[in-house]
Amino acid sequence: MKIVETLPNISEGKNKELINKIKGLSENYDKIWFVSCKSDEYFNRSFISVVGELNEIGAFLFEMVKICVENIDLRNHSGYHPRIGAVDVIPIVPLISTTFDEANNLVKLLAKKISESFDLPIYLYEKSARNEYRRNINTLRKGEFEFLAKKMSFPEWEPDFGPNRPHPTAGATVMGVRDFLISLEFHINTLDRWLAEQIKQEISLNLPASVFLERKQNGKFSLTLNAKEGDVSLYLLYSKVKTIIEHFGCEIEKVSMPSPLTGKLFLQSFKNLIGNLDGELFTIEEKLLTESQITKTKYISNEEK
């Protein structure tokens, strides 16, 4: 079975009915599994994780985009997190038995279908980018939705698919194949913003990761790190951040994972920790998925029999 993960970020973190509707879409497919959803009202954004079979994930994403385009109006949207679209970004991550070319082909076919169906401009990023300056998501988000029309008036910002103008309510969407991201949130025991900013700056200088600082309801701060799997191991990421935080006289109160991690990551981290782990690295779950054709078991009531 060819398995990929998709982690669409939608510009809605408050409308629980809409968010639940999107979460429930996976039930319409035999080989699509909802993994997690983190919604944040302050960001006004939801981070969704779904895994599924390569040939089914496109249909799921098309249906999700349709719901978002019909229900999210960026003209009335505000939130701390930068965004250019109702569906801001759709990353595709090859997980099991899927090559880059297979995943990238899915991206191109889906981008064409979405752009034509909803008159929605699509930008390709990361490994799917056709231009080097479009690889980074932060570059594509500069100016956000409010300045998107002006930005798109320049030839260098013509979209990869779709019209050369923003959708009036849904803006534009970014899509592409990218590496798996390690995402960890460190909750630290300080109320001092200046101190928290110094920790953030030191982490940014010493680790290949994007770092986001947020003040929690209790007044303390958290630091969320996103790093590509190939750039740093889970163990090294944690140990270096811990060292930096303690260097500034603070402590880690807890660590949370904004998005789920794979067993393979923990296995690789263990290898890095001990230094001499021998043999092929794979998890039992990965082996089962590779060699089987797992589908959902649906309950059939007596009335349906």
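Colleague: Where does T98 lie?
Modeller: T98 is in the loop between β5 and α3 (100-118). Those labels are DSSP runs numbered from the N terminus: helices are H or I with at least four residues, strands are E with at least two.

Colleague: What kind of model is this?
Modeller: The model is predicted, so to speak of a local feature takes pLDDT of at least 70 and side-chain atom pairs count only at pLDDT 80 or more, while totals for chains, interfaces and linings use all residues. Residues are numbered from 1 along each chain as its sequence is written, and side-chain values use heavy atoms, with hydrogens and water left out.

Colleague: Back to T98. Buried or exposed?
Modeller: T98 is buried, at 13% relative accessible area. The cut-offs use a 1.4 Å probe and protein chains only: buried is under 20%, exposed is over 50%, and partly exposed is in between.

Colleague: What does T98 touch?
Modeller: K2, I3, V4, L54 and A103, leaving out residues up to four places away in sequence. Contact here means heavy atoms within 4.5 Å. The T98 side chain also reaches the backbone oxygen of I3 at 3.3 Å.

Colleague: And S97, what about its phi?
Modeller: S97 has a positive phi of about 60°, though it is not a glycine. Most residues other than glycine have a negative phi. S97 also sits in the loop between β5 and α3. S97 is partly exposed, at 38% relative accessibility.

Colleague: What is the phi of E144?
Modeller: Positive, about 55°, and E144 is not a glycine either. Its loop runs between α4 (137-141) and α5 (148-152). E144 is partly exposed, at 26%.

Colleague: New topic. How is the chain divided?
Modeller: Into domain 1 (3-177) and domain 2 (181-287). The bounds come from an automatic or database domain assignment. The C-alpha centres of the two domains lie 26 Å apart. Their contact takes 11 residues from domain 1 and 8 residues from domain 2.

Colleague: How much area is buried between them?
Modeller: About 760 Å², with carbon and sulfur atoms giving 54% of it. Buried area is the accessible area (1.4 Å probe) that two parts lose on being put together, summed over both. In domain 1, K38, I96 and E126 lose the most area to domain 2, together 39% of what that side buries.

Colleague: How many salt bridges link the domains?
Modeller: The count between domain 1 and domain 2 is 2. A salt bridge is a side-chain nitrogen of Lys or Arg within 4 Å of a carboxyl oxygen of Asp or Glu. E185 forms a salt bridge with K38, the closest N and O atoms being 3.4 Å apart.

Colleague: Which elements supply the domain 1 side?
Modeller: β3 (32-40) and β5 (87-96) are the elements that give two or more residues to the side touching domain 2. β3 gives the most, with 4 residues.

Colleague: What else does E185 pair with?
Modeller: K216, in a salt bridge of 2.9 Å, N to O. That pair links distant parts of the chain: E185 is in strand β8, K216 is in the loop between β9 (210-215) and β10 (221-228), and they are 31 residues apart. E185 is buried at 4%, while K216 is partly exposed at 24%.

Colleague: Which residues make up the salt-bridge network?
Modeller: K38, E185, E214 and K216 are linked in it.

Colleague: How many salt bridges does the structure hold?
Modeller: The structure holds 19. One of them joins R75 and D73, with the closest N and O atoms 2.8 Å apart. R75 is exposed at 55%, and D73 is partly exposed at 22%.

Colleague: Where do R193 and E197 lie?
Modeller: Both are in helix α6 (residues 193-206), 4 residues apart, about one turn of the helix.

Colleague: Last one, F186. Buried or exposed?
Modeller: Buried, at 0% relative accessibility. F186 lies in strand β8 (residues 181-188). Beyond its neighbours within four places in sequence, F186 is in contact with residues including F221, L223, Y238 and I252. The C-alpha atoms of F186 and I252 are separated by 6.5 Å, although the two are 66 residues apart along the chain.

Technical notes: A polar contact is a pair of N or O atoms within 3.5 Å; within protein, one must be able to donate a hydrogen and the other to accept it, and residues adjacent in sequence count only if both atoms are side-chain atoms.
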